[in-house]
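This report describes a structure in terms of its helix packing, its chain contacts and its sheet. The sequence and the structure are shown first.

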Amino acid sequence: MSNELAGVERFEDPGLPEHKHRKADHDAIAANKAERQVAILFLLSAVGTVGTIASYIFIDTKKFIYLPILGNTNAAQLALGTGLAASLFFIGIAAVHWAKTLMPDEEVIAERHEFRSSDADRSEFVKTVKERSGAAGLGRRSLIKRSMGVALGLIGLSPLVLLRDLGPLPKNQLSTTDWSSGVRLMTDPGGRPIMPGDLEVGSVAQVLPELPAGTERTLENIGKDAVLLIRIRPEEFNLNAERLSWTYNGIIAFSKICSHMGCAVALYEQQTKHLLCPCHQSTFDVTRAAKVIFGPAARPLPQLAITVDADGYLVAKQGFTEPVGPSFWERNSA
Amino acid sequence: MRLNKFRRNRFAGPVLVVAALLTVGSAFSIASALPSAQKSEVSAQSTLVDEGKQIFLKGCSSCHGLNAEGGAIAPSLIGVGAAAVDFQVGTGRMPMADMSQQAMRKKPVYNAEETAALAAYVASLAPGPAAIDPASLTWERDGNVAQGGQLFRTNCAMCHNFAAQGGALTNGKYAPSLMGVAPQHIYEAMITGPQSMPKFSDKTITPAEKLSIIAWIKSSQSEPAIGGASLGRVGPVTEGLLVWTFGLGLLIAVAVWLATKAR
């Protein structure tokens, strides 16, 4: 290494650049000007505070004013915000301006030192620690030592117990819904059963399963059970025989829970027959059993087999044949 | 006694004749007026249809076909009903200004009478939903804002945004903002399903529930922005944009100023 540098000319240490004093340091007029500027900034802050308090007291909270870019804005809130911002901002600006123009302008050279303390200091420190710990009686008072051991030993247990809240495992709850054979499709909200004739071609309806009497619908239920009912012309379907038998006179039902991240997929474009998820733009083709045609979703939306019951209302032919919603560890498919 | 006296009066004969003529004449005119009034209404309707057809031939047929049968670039209008015409023409969406992805709301080209004539013509082609009379929409009296909000969040918010400010769909299409839309046009959109929007049948969302939805949209529209500038009420998007551009810009400017030496 040193050989490589042998021929290189040594640079002179350029030293520190010359310290230039500010105008205010040698010019009394400039100094006075800077002083006035700082004072004005502090006074602006004071005006801001007074304005804040005054607008709190005097401006009617229900008064709205129109401002060009902001639009219709509540006058009291605007005045409070502007006043508070001014009172804080100008204090900061004034302090910095003061420091930059008027406060002592001296350059001090502080050399860097080694971090390591001297050997003498180090041995002195070790000696002190040993002395003091003996005096504190750590070795002698065994009751304190043991009880402290118990306290410190146990303190790690409470976080461990709290971890239990991560469980219990959901068992089969992720794979099941309230849909099963013969369960009626009810409008959401409203909770009315639907007949096929109630839906015109080109219409949609948000539906939930009819729960047994006395059962309350929870958000967990809705999060799994939500279904979108779509009616198109039957000849527009491009389905295999099994999936076609799951539809009824052009009415097709899909889980509304996105197979990607579980958002509610309900942006239905009735001209293109596409269903769009608002979260990550996964797009599903309704005519092809919700096949993914764009976006990050890996699986089509689960289709609910529907038919009509003896009273003519739409019912589920069977429950979902696959878990609805996003993938999870125990799900037995891609 | 009095009657006898009257009977013998010399004007009794002419007065009786005049009275009888009046009675019979007015009875006849009332009787004959009934069918003639109906007839004139029918003829007024058919003139309205004719007027509408003339407007249609001039303004719409180049895309929708001479008989509204549709073409390569425009759908058939047979059976869409007066409601669809009232919505599309009344909000200025039709006629389209250009062949973009989607017809947008703009200043209507046709006035109310011309729109009514067009609607009458299209309605005469095949039955469809009738145009909604704004006076029949009693949303202010019968609409339930809380129920409307629930319905809106389940059925409309995914496309039109939780505050009815509109949102994006695919390929440049979008669900428009519902601020400032006339109540009858909101109602007609729900029953006719214009463009990308699906229909919402009266059995799945009843007419009373539709009034509640309108009441909620109107209450959302008139909701004051208490917290200052509402930034379009579309949530974190505009707020983030403001903070990342103006907020960070201000911080950078301050940092640069802090680091410069005073002269």
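At what angle do helix H4 and helix H5 of chain B pack, and how far apart are their axes? In this predicted model, helix H4 (residues 81–90) of chain B packs against helix H5 (residues 112–125) of chain B at an angle of about 145°, and the axes are 8 Å apart. The crossing of H4(B) and H5(B) is right-handed. On the H4(B) side the contact is made by Gly81(B), Ala82(B), Val85(B), Asp86(B), Val89(B) and Gly90(B). H5(B) contributes Thr115(B), Leu118(B), Ala119(B), Ala120(B), Val122(B) and Ala123(B). By residue class, the contact of H4(B) with H5(B) holds 8 nonpolar, 3 polar and 1 charged.

Chain B also touches chain A: 30 residues of chain B are in contact with 38 residues of chain A. On the chain B side, helix H7 (145–155) and helix H8 (157–160) each supply at least two residues. H7(B) gives the most to this side, with 4 residues. The side of chain B that touches chain A is made up of 13 nonpolar, 12 polar and 5 charged residues.

The residue classes of the two contact regions are set out below.

| Contact of H4(B) with H5(B) | 8 residues | 3 residues | 1 residue |

Turning to chain A, the secondary structure comes to 8 helices and 13 strands. The radius of gyration of chain A is 38 Å, well over the 20 Å that the globule rule gives for 334 residues, so chain A is more spread out than a compact globule. Its C-alpha trace spans about 100 × 70 × 65 Å along the principal axes. Chain A is divided into domain 1 (23–101) and domain 2 (185–316), and the C-alpha centres of these two domains lie 58 Å apart.

Chain A also has an open sheet of 5 strands in the order S3-S4-S5-S6-S11, with antiparallel pairing. Strand S3 (185–187) and strand S11 (303–304) of chain A stand at the edges; each has a single partner strand, so one side of each is left without a neighbour in the sheet. S3(A) runs antiparallel to strand S4 (residues 204–209) of chain A, and 3 bridges join the two. Thr187(A) stands opposite Val207(A) in S4(A).

Technical notes
Residues numbered from 1 in each chain as written. Chains lettered and ligands numbered in written order. Predicted model: local features only at pLDDT ≥ 70, side-chain atom pairs only at ≥ 80, totals over all residues. Axes fitted to C-alpha atoms, helices over the stretch in contact; angles between N-to-C directions. Left-handed = near helix turned anticlockwise from the far one by under 90°. Contact = placed C-beta atoms within 7 Å. Nonpolar A, V, L, I, M, F, W, Y, C, P; charged D, E, K, R; others polar. Domains from an automatic or database assignment. Pairing = 2+ DSSP bridges. Rg over C-alpha atoms; globule rule 2.2 N^0.38 Å.
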